[in-house]
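Hi,

Here is the structure for you to look over. My notes on what I found follow below it.

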Amino acid sequence: MEKINVYTDGAFSSTREQGGWAFVVVQGDKQLHYDCGGVKDTTNNRMELQAIMEATKWLQDNFIPEAMIVSDSMYCIGCLTKGWKRKKNVDMWAEMDALGFDYGIKHVKGHSGDKWNDTCDMWAVHARDLVLE
């Protein structure tokens, strides 16, 4: 059985003051699932982290014990695996810690032609552009 990869991404518009998050679940070269959402009054880093949290919740809810999270956010990867200080978004980091994040995570360069990162970015931008009240 091929390993599951979950691509995550966040998007932000300073002119609209809202962001979007997305994740795409992939096995081999087949998309199994995706989800996305929009948020008002946020930041890009919060959306990157929200995407990883939502992906983690989905994996846990579907009893998938092993997966690789693929993110273009060095902020998230650094805070999760490299001991970077979590000076901002402390509320979200507390929520992430409560989830018990126990998945692999690796970096992919954003906007570099990676099929699934680009797909995830498309969904995050779509969610960011929704009309939110």
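Start with the contacts of T8. Setting aside neighbours within four places in sequence, T8 touches A22, F23, A51, I52, A55, I69, V70, S71, D72 and C120. Bear in mind that this is a predicted model. T8 sits in strand β1, residues 4-13. Its relative accessible area is 0%. Under 20% counts as buried, so T8 is buried.

Next, the hairpin. One of the T8 contacts, A22, has C36 in β3 as its bridge partner. Strand β2 covers residues 18-27 and strand β3 covers residues 30-40. The two run antiparallel, joined by ten bridges. Two residues separate β2 from β3 in this hairpin. G28 is in the turn, and its phi is positive, about 65°.

Helix α1 spans residues 44-61, and helix α2 spans residues 74-81. Their axes come within 9 Å and cross at roughly 60°. α1 and α2 are therefore oblique to each other. The crossing of α1 past α2 is right-handed.

Best wishes

How values were computed:
Residues are numbered from 1 along each chain as its sequence is written. This is a predicted model: local features need pLDDT of at least 70, side-chain atom pairs count only at pLDDT 80 or more; totals for chains, interfaces and linings use all residues. Side-chain values use heavy atoms; hydrogens and water are left out. Two strands pair if DSSP finds at least two bridges between them. Helices (H or I, at least four residues) and strands (E, at least two) are DSSP runs, numbered from the N terminus. Axes are lines fitted to C-alpha atoms, for helices over the stretch in contact, and angles run from 0 to 180 degrees between N-to-C directions. Angles under 35 degrees count as roughly parallel, over 145 as roughly antiparallel, 65 to 115 as roughly perpendicular and the rest as oblique. A crossing is left-handed if the near helix is turned anticlockwise from the far one by less than a right angle, and right-handed if clockwise. Buried means under 20% relative accessible area, exposed over 50%, partly exposed in between (1.4 Å probe, protein chains only). Contact means heavy atoms within 4.5 Å.
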